[in-house]
Amino acid sequence: MINIIKNLYKGEKTSDDEIKYILESDDGSVDQLLMRYGSETAGKYYGKKVFLRGLIEFTNYCRNNCYYCGIRRDNLHAERYRLSKREILSCCKNGYDLGFRTFVLQGGEDNHYSDDMICSIVSAIKEKFEDCAVTLSIGEKNYESYKAYFDAGADRYLLRHETANADHYGRLHPKNMNSENRKKCLYNLKNIGYQVGCGIMVGSPYQTMDNIIEDLHFMQELRPDMIGIGPFIPHRDTPFGDKKKGSVRLTLRLISVLRLMFRDVLIPATTALGTLEQSGREKGILYGANVVMPNISPVYARERYTLYDNKIYSGRESIEGIGELKKSIAKIGYEAVTDRGDRAGFFSGEKY
Ligand code: 5AD
């Protein structure tokens, strides 16, 4: 087992079965080794730095009906809200004053925001906060829209592929969505010049270990700059309300495997991980994650952006708890920093 992890660490070839073995093993010493090599690899590129991003959840209206998601169109219990451009800029101002230099604008697929509106929001942020990066996470759009946002100044785009397997994708989404288009969007974003993030939910309904291996192969092909993974957590008002939640242990192990395979990629310790376990995000960092995204949306928005049950949005998860978050990161030997934090090799075009 140590040899598999060392081979991953050294960038030597490992088989799918070997990766599966690492992810599934009951031997707890796997975790010690993954933490050691995962954090060592992150350290090579980023030292002990953990990048903070200010997350603004600006709309929970969504035209999609994904079976797992609490803000799906058919969830009539969801209290919908939208933030105006002014409100978004005011979130950025608050974040900027606290040192944040990346803003992540995330929302459902909400047609209320035309491309022109998104562009005008992005360019206003870039104008007012010159030294900041803007990340968009607003779903599937056509090439021209992505290009327009990029030209308006957006630097990065997060779009989890959710699963690389077409059949599995079909079990998580209604028929009008498909994995082919999802992947095409990711390649379009990459071609335009964005730093691109993909990712999956760990333990989503019907997911198999083979699906996860397929996800790793897809990522090897896409070569993303960011990979976001978190455990699936059911939401009571969705078709998956009574499905089993994903495993924290498997999520943590996957974080390490991703770190070893994709070297300098940016990996967040996600809110979902922190929701299932109090110290989930700190553990994520110890396994090789290097990004945390505190919520800087207004409180009323945070309360309503419920993708899954019991989502945390106060305390160290939010802008008010930033001091506490920094402390808890310092306690495990890391330093929370607010610089832009681009992927180490991005501008030099370096490959991992
Ligand atoms: N549990 C965990 N993650 C979820 N997401 C959506 N619904 C859930 C859920 N029930 C994730 C998806 C999406 C991201 C914004 O949140 O992966 O891409």
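**Entry 1: Arg-302**

I started with the neighbours of Arg-302. Leaving aside residues within four places in sequence, I found Arg-302 in contact with Glu-57, Asn-295, Ser-297, Tyr-313, Ser-318, Ile-319 and Glu-320. I note here that the model is predicted. I then asked which element holds Arg-302. Arg-302 is in helix α13. Next I checked the exposure of this arginine. Its relative accessible area is 3%. The cut-off for buried is under 20%, so Arg-302 counts as buried. I also looked for a polar partner of the Arg-302 side chain. One of its polar atoms sits 2.8 Å from the backbone oxygen of Ser-297. Ser-297 is also one of the contacts I had listed.

**Entry 2: the ligand**

I then looked for backbone atoms facing ligand nitrogens. For Tyr-68, a backbone N or O atom is 3.0 Å from a nitrogen atom of the ligand. For Ile-233, a polar backbone atom is 2.7 Å from a ligand nitrogen. For Leu-307, the distance from a backbone N or O atom to a ligand nitrogen is 3.5 Å. How much of the ligand does the protein bury? Taken alone, the ligand exposes 400 Å², and the protein buries 87% of that area.

Most residues other than glycine have a negative phi. I placed Glu-162 in the loop between β5 (156–158) and α7 (166–172). Is Glu-162 buried or exposed? I found Glu-162 buried, at a relative accessible area of 9%.

I checked Asn-310 next. Asn-310 also has a positive phi, near 60°. I located Asn-310 in the loop between α13 (299–304) and α14 (322–331). The relative accessible area of Asn-310 is 67%. The cut-off for exposed is over 50%, so I logged Asn-310 as exposed.

**Entry 3: helix α1**

I turned to helix α1, residues 2–10. Which of its residues are buried? I listed Ile-4, Ile-5, Leu-8 and Tyr-9. They cover an arc of only 140° around the axis, so they lie on the same side of α1. I looked at the face turned away from that buried side. There I found the exposed residues Asn-3 and Lys-10. I also asked what the buried residues of α1 pack against. Their partners are α2 (16–24), α3 (29–46) and α10 (248–262).

**Entry 4: Gly-11**

I followed the chain just past α1 to Gly-11. Its phi is positive, at about 80°. Gly-11 is in the loop between α1 and α2. I read its relative accessibility as 60%, which counts as exposed. Last, I took a distance from Gly-11 to Asn-142. These two residues are 131 residues apart along the chain, and their C-alpha atoms are separated by 36 Å.

Key. Residues numbered from 1 in each chain as written. Predicted model: local features only at pLDDT ≥ 70, side-chain atom pairs only at ≥ 80, totals over all residues. Heavy atoms only, no water. Polar contact = N/O pair within 3.5 Å; in protein donor to acceptor, adjacent residues only side chain to side chain. Areas by Shrake-Rupley, 256 points an atom, 1.4 Å probe, with all protein chains shown as cover. Buried < 20%, exposed > 50% of the residue type's maximum accessible area, 1.4 Å probe, protein only. Helix = DSSP H or I, 4+ residues; strand = E, 2+ residues; numbered from the N terminus. Arc of directions from axis to C-beta. Contact = heavy atoms within 4.5 Å.
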